[in-house]
Amino acid sequence: MSRRAPKLFAENEPPREWCLALADGTVRESLSVHHVREIVETGVASADSYILRLGDPVWQRLGDHPIWAEIAPRAPTVGFAAPAAVDPGVQAHEVHAATPKMQAVWRAQRDHTQRVLQAHAADEDLGRLLQSLGFACGVVGLICLGDIIVFTFPLGAAFIMLVGVARLISLWLVWRILR
């Protein structure tokens, strides 16, 4: 159902010979049969609206007028959907309720899986703790190494050695990341 007025060309347009009085009291004049049909299809007018042929003195109810048979909205046709074709490769299986034995097996499997996941989580937590302790020990060791270098060697040599240690550590970190 289109809500737009039909595209009519002047040479093909039926004569505009109708007036339509709507339920809100407005009157639309100089309408063709196509215009009246579109107004009814959009729901602005109904069978209770009144129609008048230009030049006639009497208004007539649109539902009682002979033109109603031509412009009445069509009743929607509801088609029943056919069941989908069965794939011949699919075999139907009946689903039964789980037996108490199967439920016990599922519960045992779920409990085992929960224990395994909790053990993995505990191992990950321990691993993170050890990793953070290792980083802290590495930082403290580098500070101690820097102190030893600074207080043992002259200032220029200590600076060169510290730069060398920092480069070696950065190369080692890059190698670990890329590996």
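The legends below describe close-up views of a predicted model.

**View 1. The four-stranded sheet.**
Four strands form an open sheet in the order β2-β1-β3-β4, with antiparallel pairing. β2 and β4 (60–61) stand at the edges with a single partner strand each, so one side of each has no neighbour in the sheet. Strand β1 (residues 18–21) is joined to strand β2 (residues 27–31) by three bridges, and the two run antiparallel. The pairing of β1 with strand β3 (residues 50–53) is also antiparallel and extends over four bridges.

**View 2**
Which residue of β2 is the bridge partner of Leu20? That residue is Arg28. In β3, Leu20 stands opposite Ile51, and the bridge partner of Trp18 in β3 is Arg53.

**View 2. The hairpin of β1 and β2.**
Five residues lie between the strands of the hairpin formed by β1 and β2. Gly25, in this hairpin, takes a positive phi near 95°.

**View 3. Helix α1 against the sheet.**
The sheet shown here is open and has the strand order β2-β1-β3-β4. Helix α1 (residues 33–41) packs on this sheet and touches β1, β2 and β3. The direction of helix α1 makes about 145° with that of β2. Seven of the nine residues of α1 are buried, so the helix is largely enclosed by the rest of the structure. The buried residues are Val33, His35, Val36, Arg37, Glu38, Ile39 and Val40. The elements against which the buried residues of α1 pack are β1, β2, β3 and α2 (68–71). Just after α1, Gly43 takes a positive phi of about 90°.

**View 4. The salt bridge between Arg61 and Asp48.**
Side chains of opposite charge can pair when their charged atoms come close. In this view, Arg61 forms a salt bridge with Asp48, and the closest N and O atoms are 2.8 Å apart. Arg61 belongs to strand β4 and Asp48 to the loop between α1 and β3, so the pair ties together parts that are 13 residues apart in sequence. Are the two partners buried or exposed? Arg61 counts as partly exposed because its relative accessibility is 28%. Asp48 has a relative accessible area of 54% and is therefore exposed.

An α-helix has 3.6 residues a turn, so residues three or four places apart point the same way. Arg128 and Glu124 both lie in helix α3, four residues apart, which is about one turn of the helix. Their side chains meet in a salt bridge with an N to O distance of 4.0 Å. Arg128 also meets Asp125 in a salt bridge, here at 3.9 Å from N to O. Because Arg128 and Asp125 are three residues apart in helix α3, about one helical turn separates them. Arg128 is exposed, since its relative accessible area is 53%. Glu124 has a relative accessibility of 46% and therefore counts as partly exposed.

**View 5. The nonpolar surface patch on Leu side chains.**
Leu126, Leu129, Leu130 and Leu133 make a nonpolar surface patch of about 380 Å². One of these residues, Leu133, has its place in helix α3 (residues 100–152). Leu133 counts as partly exposed because its relative accessibility is 46%.

**View 6. Asp147 and Ala158.**
Asp147 is placed in helix α3. With a relative accessible area of 39%, Asp147 is partly exposed. Asp147 and Ala158 are 11 residues apart along the chain, and their C-alpha atoms are separated by 9.4 Å.

Methods: Residues numbered from 1 in each chain as written. Predicted model: local features only at pLDDT ≥ 70, side-chain atom pairs only at ≥ 80, totals over all residues. Heavy atoms only, no water. Patch = residues over 30% accessible without salt bridge, like charges linked within 9 Å, V, L, I, M, F, W, Y side chains within 5 Å. Areas by Shrake-Rupley, 256 points an atom, 1.4 Å probe, with all protein chains shown as cover. Buried < 20%, exposed > 50% of the residue type's maximum accessible area, 1.4 Å probe, protein only. Pairing = 2+ DSSP bridges. Contact = heavy atoms within 4.5 Å. Axes fitted to C-alpha atoms, helices over the stretch in contact; angles between N-to-C directions.
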